[in-house]
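Biologist: Please take a close look at one part of this chain for me. I would like the charged pairs, with some context from the surface.

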Amino acid sequence: MNVHSTGDDALLEELRDMWLTYDPPPSDLVANMIAAVAAADLDQEWELLVLVRDSAEESAAQVRGLATARMLYFTVAEGWSLDAEIDGDQVRGQLLDFDGDMGSVEVVVETRGAAAELWRAGLDEFGFFSIEAEPTGEVRFTVHHRGHAVSSRWVEL
């Protein structure tokens with residue numbers, strides 16, 4: 001044991017010694033954990049919905065009627081994009097440049113925290129969706145298609 005360690009360091013050292021003595025890890029644990037972490041969510045990481053435009057970070061448009069709406073624009077490495085408009089108790093948007101079957105796509109809007117909520121909507125034939133929801137706090141969009149999910153990072157509203 002290190003004579004210069006703090007109380008926490010000494011406790012952690014004793015715990016480490018106990019585990020190594022009575023229940024040592026398998027020799028291939030580190031290699032297996034690195035491989036598992038590297039393979040987990042790899043597809044999702046590459047297909048993350050990337051926020052490229054947020055109306056809250058732009059000067060107000062000179063158009064009537066959209067002053068209260070928050071516009072978010074996401075893109076995906078595959079080339080399609082998601083436009084979303086949050087206005088009061090409505091979340092509307094459109095999936096653009098998507099080559100798949102619009103009928104198989106579901107858009108999920110969720111908030112997190114103590115009052116976490118989740119809303120789902122399918123797309124019409126032109127890729128539009130509309131949800132009666134009033135998300136507050138942090139919001140995330142997820143697009144599900146063919147058993148695959150692509151999510152945005154959390155965006156503060």
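**Helix, patch and salt bridges**

Modeller: M18 is found in helix α1, residues 7-22. Keep in mind that this is a predicted model. M18 has a relative accessible area of 36%, so M18 is partly exposed. M18 also belongs to a nonpolar surface patch, together with L11, L12, L15, W19 and Y22. The patch has about 670 Å² of accessible area in total.

Now the charged pairs. Side chains of opposite charge can pair when their charged atoms come close. The count here is six salt bridges. Among them is D54 with R70, at 2.6 Å from N to O. This pair links distant parts of the chain. D54 lies in strand β1 (residues 50-54) and R70 in strand β2 (residues 70-75), 16 residues apart. D54 counts as buried because its relative accessibility is 5%, under the 20% cut-off. R70 is at 16%, so R70 counts as buried too.

Next, E138 and R112. Their side chains form a salt bridge at 2.9 Å, N to O. Again the link joins distant parts of the chain, 26 residues apart. E138 sits in strand β8 (residues 138-145). R112 sits in the loop between β5 (105-111) and β6 (118-122). E138 counts as partly exposed, at 26% relative accessibility. R112, at 42%, also counts as partly exposed.

One more pair is E85 with R92, a salt bridge at 3.1 Å, N to O. E85 counts as buried, with 15% relative accessibility. R92 has a relative accessible area of 31%, so R92 is partly exposed.

Notes
Residues are numbered from 1 along each chain as its sequence is written. This is a predicted model: local features need pLDDT of at least 70, side-chain atom pairs count only at pLDDT 80 or more; totals for chains, interfaces and linings use all residues. Side-chain values use heavy atoms; hydrogens and water are left out. Patches are made of residues with over 30% relative accessible area and no salt bridge: like charges are joined within 9 Å, nonpolar side chains (Val, Leu, Ile, Met, Phe, Trp, Tyr) within 5 Å. Accessible areas come from the Shrake-Rupley method with a 1.4 Å probe; for residues, only the protein chains shown count as cover. A salt bridge is a side-chain nitrogen of Lys or Arg within 4 Å of a carboxyl oxygen of Asp or Glu. Helices (H or I, at least four residues) and strands (E, at least two) are DSSP runs, numbered from the N terminus. Buried means under 20% relative accessible area, exposed over 50%, partly exposed in between (1.4 Å probe, protein chains only).
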